[in-house]
Amino acid sequence: MTSAISLTIRKYSWKYAGNLAFWIQRLTGLGLVFYLILHVHTIHDLRDPAKFDAALATFSKPFFKLGEIFLLATVILHAMNGIRLTMVDMGVGLTKQRQVFWYFTIGLGAALLIAGALPMFIYGILRHQP
Amino acid sequence: MPPLLPLVELEADILILGAGGAGLLAALHATTINPRTKILIAVKGLLGQSGCTRMVQGGYNCVLNPNDSFEKHFEDTIKGGQFVNNQDLAWALVNDSPDRILELENKCGCLFDRNPDGTIHQKPFAGQSFDRTVHKGDLTGIEIMANLRDWTLEQENITVLQETRGLDLLTDTNGKVVGALLLNNRKGEFVSVKAKATLVATGGGATMYQISSPSLEKAGDGMGMAFRVGAEFIDMEMMQFHPTGLLVGKSIATGGLLEEGLRGAGARLFNKDGERYMERYSPDKMERATRDVVSRSSYMEIMAGRGTPSGGVLIDATHMGEKFLLDNFRGMVDRCREYGFDLLHSRVEVSPSAHYHMGGIRIDLNCKSNIDGLFAAGEDSGGVHGGNRLGGNGVADSIVFGARAGDAMAEYIRTAKAPGDVSTQARQLMEKWLAPLNREGGENPFKLRDQLERVMWRKAGVVRNGKDMAEAIPEIIEIREKIEQANGAGAPIYNAPWNEMINTVNLGVCAELLTRSAILREESRGAHYRQDFPEKNVKWLKNITVKPVNGDLKWDTVPVKFTRLKPPELIEQEKSLVH
Amino acid sequence: MATYQIRVARSGSDGATDSFTVELDHRMTVLDALFLIQREQDPTLSFRCSCRVGMCGTCAMRINWQPRLACQTRVLTLKADTIVVEPLAHLPVMKDLVVAMDPFFEQWKRVKPALHPDPKRDPKKLAVVPPTSEFGKQAQGKRDCITCGACYAACGIVGSNEEYLGPAAINKAMLRLMDPRDNAVDERLEELNDENGVWRCHTQFNCVAACPKGINLTDSIMKMKRSLLFPKKFHDKRNFVDNP
């Protein structure tokens, strides 16, 4: 089993695991910086309690929940890849960096994403009460 | 108006043509003696990444173990060479080689393979009475050349002209060599170098054969140049064929070697019927017999119709086990795999492959040729290995005699006078070499080179006979005449046809000397095997020498001086005379 | 035998490629294709090659976008009928597929590639280096570099910053630094501890993917990063007595 999977992975993408991770880290990083500025700016504007309540109501709409799931995905990718990079820097799993990327960063990251996104999806979008 | 390339004029104390092991060791030694010596190195490819020391697989023979001795190594070398070696040169080889290993390790930074306890590992090689081959895996040359290159890069007294080939040596009115005319392929310009001492260390001409192992740019340039200024040559008929060159169909990789250590470790050779044919040719030593014996046996099997359809025999290393092969012969396993062969689990097709020219410029212990100012080392020189070179003695030869040349040149330039003006001569020679670049029409140099390779392989190859070789001579002469009229038109930089034309000119010289010399030696000895004289003849304990005199070849035979070891047949003969 | 289209980048006009049709059998390599073109179709084609069996490292070029050795790339394994051959990236093109290796070797020279022998050692004795020692372990495999420049051409950081040392030079520096016979520790560490030294590496692993000898160059770079962070540990490792 593993051989078939690993062969496929090797044939089509393994050569670029490190490079892919590099670009993922840059893009998610930029995305998070952009989000952080937006976030601080929005919070800064909400000094009036009524405005705050209205904004929260807007943010609980399904569209924004979807956005939050996307945000979660970005954070997880950036964090998991960050952990992988720290491992590489420390010399852990260096010879198996491709596996670390695919199984740890992408695999475990995806599991975390599902664990986090599922409740958000069910309660925030499916059972959303306006 | 045809292109007229610029001529750059340079000056140096020492000019070294060729940057293999011999060239760089000469630079190293000359620099050690006087760090201010101005040295100019011209190398045909990239520094440290071309030539044959780079391609050394097996290793370097030297006596390091207390149970081994110089006498044993010397005896192996002489017996391997069938007693026609110059014994003084061979003794120098044996005697200097341990010191050079120390130098390579402690000064240049090479690290050869170690035993588990950290001492140096020496492996068995064919034709040797003791395991004395120092190595780095099965790709030893990379280690040696990379470290020598790194050393050269940091020297301020050394200038390196990369992708620059020698064309001709420059001489003064007394015939003394005072430098050389070079062609810089990178810039498309000629370079004339004035030097007090000149070393040719460009490698031999084994590439004159259809199946050959050396790197592709090698073309006996040094020998060609030295011949044109009247140097004396020795043992030119002795061309070694390595028994296990890969057969990769029409690929350029054909002839690339599977290293000798494989046979040393116990790999077996089979013909197409699955018969281990070495049982018939060398029952006691089998595949571990010397290269000449194994090559000839394979060739005879192939000629007798017992070879594979593509004209080879099969090497089998599978019984040694996957782990052993991967641990010890990783490079060879990988090399086979690159071309789709599986050395671990199946037999691989091999054929004899022209490998090393034992003959060359006749030198003394200081690498001096018969011409003042001209030194030769490495494969360009002859006499050390006699009729057959032992595996592992080749790189030792380059390193040992390169160093000796460096020492001798450093001494020589202390008293040598600065050479006079050479630019007129340089310009004349330049015009000669420019002709093919401006030629319209003319012969195709690639075709002529192929033709030469085929003639040599068929008529003066592993097994020779007088009739074939006599036929080959006019063919070689015809090729040599035609190549002068070849077309090398194109850009002045990286011009392949032009370079091939120059290569073929030099190979033609080597080929003619080799064939004529082989006709003279009417016996079989070492790598030289004559069907019409299949036996060794005690009368032929001689060396054949040749030098050009007034456009003619002057041949001579010189009896071997047995200064240290006498051949058993001679001892017996003397005994019988006493009775 | 099968027919292949070889598209070769030519110097002269920018970005121009010439297309050639060649017949190759299943054992033949990209280098064979180039030789066939040069011999039979276009003698003006220029490329470098010395040993043709993967030892000299002069025939590195980009083959279908990846830096590889032409002599070690069988056309069959590329699984494509059209093969695009271009000169190595990040190095100035001299002619067709020939590049100047000068930028590569300029960086190489920065780390003092030659051995600087420790004067305290006896030059008449060979160093005792058990394969299990720290240097012995590092020397395994990492000494196989053939300076072909594939890693240099593959590295995205070199592409954006030509001052960067590059993977091969750092690997060389590491080997010399670990060497018990060598003395020039501080000079090399200073060169490595530079914004264009080891810290420039962003662990893309492209060098590892490109290296025809399978050297884990990123591992060497990371080792050097750690030794700069923890110099004491590094010096402890270095200071074993090899030749009492």
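Which residue of β14(B) does B:Val313 stand opposite? The residue facing B:Val313 there is B:Val350.

The model is predicted, with local features requiring pLDDT of at least 70 and side-chain atom pairs counting only at pLDDT 80 or more, whereas totals for chains, interfaces and linings use all residues. Residues are numbered from 1 along each chain as its sequence is written, while chains are lettered from A and ligands numbered from 1 in the order in which they are written.

In chain B, four strands form an open sheet in the order β11-β14-β13-β12, with antiparallel pairing; strands (E, at least two residues) and helices (H or I, at least four) are DSSP runs numbered from the N terminus, and two strands pair if DSSP finds at least two bridges between them. Because β11 and β12 of chain B stand at the edges with a single partner strand each, one side of each is left without a neighbour in the sheet. Direction ignored, neighbouring strands of this sheet are turned by 45° against each other on average, the axes being lines fitted to C-alpha atoms, for helices over the stretch in contact, with angles running from 0 to 180 degrees between N-to-C directions. Strands β13 and β14 of chain B pair in the antiparallel sense over three bridges.

| Strand (chain B) | Residues |
|---|---|
| β11 | 239-246 |
| β12 | 268-270 |
| β13 | 313-316 |
| β14 | 348-357 |

Chain B is divided into domain 1 (241-354) and domain 2 (438-559), with bounds that come from an automatic or database domain assignment. The C-alpha centres of these two domains lie 28 Å apart.
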